[in-house]
Every structure is written in structure tokens, then in C-alpha cells.
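Biologist: I am new to this structure and would like to go through it slowly, one question at a time. Please begin with whatever term I shall need for the helices.

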Amino acid sequence: LFNHDQIHQVAHSLPIALALARRHDFDGEIIIATTNDRIATEVRRLGAPLVGTRIEHVRLGLKPSSARLARLFGAIAPAAKVLVYKDNLDFFRSLDVLVVAEKTSLILRKAHGLTRPLLVHTRHGAGDRAIGFDRHSTGFDHVLCSGEKIRQRLIRDAGVPAQDISVVGYSKFDIAKPSVQLLGGATRRPVVLYNPHPSPHLSSWYRHGRAVLDFFVDNDDYQLIFAPHVMLFERRFVVSIDKLRIDRPGRLAQRYMRSPNIHIDLGSRASTDMSYTTAADLYLGDVSSQVYEFLYQPRP
């Protein structure tokens, strides 16, 4: 299931479906469910030619009443992401296993009382936020994680039984291919990637972000890629759940947009496919799995 506003979680679990589809000894039915056009397009792009042949693609929608609620509250909360479960219970009951990258799907058990399907959590990335190791992880029947450090934290901090965890590596590395090549040539200056997080209590953006951009406007000895987490500017307000806070990302001044040594990307495909972590010489950010994507090619 891919149920989010943006495409950033697709590459963290789609490779698992593709790997199953390529196995000659797997005779199960593989279904990918998407909940908006943006994600459906990305799934078809990354999953071709298996999506639509070996893998069935279904679209899950909202009932009219739920769609109205989603429009009403969508500016501050991911209402559609929650309501899609209630409106598609028959689909979820038809499954044996549901594989998801986030924890919202636990609502099927907690709010709707489903005992099937089994729930498998792929997580999304290898981030170190405490919310990734809370007790909600024990609500899944199995958890797939990227490495031994994550496995140990799931056991110690979340209380997930060791037998319910498999270390499978960072599956995004199997599928990510940079879609843009930037900032090359003989006159190439050091490239800095600034990747602030959306959560108000964790992000550098709300207090320091514009000062960071001002520095680079005034220092063209450097090139800056400003590619924040794709959810930072997705809504007018950003709400954090783990420590309840709300803040506004605001707008970007034209001097940043016009600066010739600053490349700004607030949420394109290139923000999620390692284009920028591959291009940068220096990573500047908060808490994000993109740290590990930057370190895929070791750099200081």
C-alpha cells in the first residue's frame, strides 16, 4: 500500500514487491494499491514493466462524504490518508498480507477491528527519530529493517520480539537512479545540500533556514541545493504528532529564487531519487534518512 501525499516513501517498499514478482518460486498474487495520481504515476514509472503485468495495480478512493472532510481539513492534517482505510475495508479484508512503509495502517486493527490481513512494516528509510522506535511497532506481525543498529533499537526501545524482525538492507538502493545531473563542468564549486526536516520541533528551517539561504546568496564561492523534506512545503501548516506542535513554513523570497548559485526543489522526483545526495559535497540537515543516502558514497 502507498498511502501518502507525496512520493518519498515509494522507493522504500516498492523494491520488495518487485523482488517478489521476479521470484519464480513465488506464486502468490501481488497487488499494489495507491491513493492518489502522484503516487500512482511514480509507482508505474519505477515498477515498469512488472506493474500492470505480474503485479496488479489498484486505485483506492474516498467516498463523497470522506472527500469533503479531506478537503476541509487537508490544509493542516492528512485526513485523506486516514479516511481511506474506513472507505476501503472490503479491499483490506480480502488480503492475506498488507505491506506498508508507515504506521497509519494500524488503524485497521485499532479502529476497525480487522484481525486480517497480517501487517508487515517496511519502515521508510533508516532514520534515527525516537518516533520510529515507539511501541506502535509492536502492532505489526513482522518488521523489515535496514540494518543491525535499527534491529537492536526495535528490540530495546520498541519491544519488538527479535523473531519478528528481518534485516533486509536499505531497499531504496535497489531502485534509486538519479534523474537529474546538476552543477558539473570545469568551474564546479563546492556543492552543499541543505535538507531541513518538516517537523517543527526537529527542523532547523523555522528558526535558521532563511539565514542559511542568506549565507549562500552572499557567498557564490559555493553552490547550494535547497531540497527540503518533500512535506515541508506541502501544506500551509506543518503539524508534528510525536511532540504536538504546529508551525508555518512560509514562503521563499524572490532573492533566493533568483540567486544563480542556488537550486531550489521543494518536492520533485529528484528530491527522492538520490539526485541531490549524489551531487553534493557536503550534507547540511536535521534528522533524515537522506544522511544515509549521502553516505552511500562516503564523503565528509
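Modeller: When two axes are compared in their N-to-C directions, angles over 145 degrees count as roughly antiparallel and angles under 35 degrees as roughly parallel, while those from 65 to 115 are roughly perpendicular and the rest oblique. Please keep in mind throughout that this is a predicted model.

Biologist: How are α3 and α4 oriented to each other?

Modeller: Two packed helices are described by the angle between their axes and the distance between the axes. The axes of α3 (64-73) and α4 (79-87) come within 9 Å and cross at roughly 165 degrees. Since that angle is over the 145 degrees of the cut-off, the two helices are roughly antiparallel.

Biologist: Which residues of α4 make the contact with α3?

Modeller: The crossing of these two helices is right-handed. On the side of α3, the contact is made by S66, L69, A70 and F73, and these residues meet, on the side of α4, A79, A80, L83, K86 and D87.

Biologist: How many nonpolar residues are there in the contact of α3 with α4?

Modeller: Sorted by class, the contact of α3 with α4 includes 1 polar and 2 charged residues. The nonpolar residues in the contact number 6.

Biologist: Against which helices do the buried residues of α4 pack?

Modeller: The buried residues of α4 are A79, K81, L83, V84, Y85 and D87. Their packing partners are three helices, namely α3, α5 and α6.

Biologist: How many residues does the largest nonpolar core have?

Modeller: In soluble globular proteins, nonpolar side chains tend to be buried together. Here the residues with the most contacts inside the largest core are L1, L60, F91, F92, L98, L108 and L154, and α4, α5, β3, β5 and α7 each supply at least two residues of this core. Apart from it lies another core, of 17 residues, with V10, A11, A21 and I32 among them. The largest core itself has 25 residues.

Biologist: Is R123 buried or exposed?

Modeller: R123 is not a glycine, yet its phi is positive, at about 60 degrees, and its place is in the loop between β4 and β5. Because its relative accessibility is 7%, under the 20% of the cut-off, R123 counts as buried.

Biologist: What is the phi of M274?

Modeller: M274 lies in the loop between β11 and α10, and M274 counts as buried at 7% relative accessibility. In this residue other than glycine, phi is positive, near 75 degrees.

Note on methods. Residues numbered from 1 in each chain as written. Predicted model: local features only at pLDDT ≥ 70, side-chain atom pairs only at ≥ 80, totals over all residues. Heavy atoms only, no water. Helix = DSSP H or I, 4+ residues; strand = E, 2+ residues; numbered from the N terminus. Buried < 20%, exposed > 50% of the residue type's maximum accessible area, 1.4 Å probe, protein only. Core = buried A, V, L, I, M, F, W, Y, C linked by side-chain atoms within 4.5 Å. Contact = heavy atoms within 4.5 Å. Axes fitted to C-alpha atoms, helices over the stretch in contact; angles between N-to-C directions. Left-handed = near helix turned anticlockwise from the far one by under 90°. Nonpolar A, V, L, I, M, F, W, Y, C, P; charged D, E, K, R; others polar.
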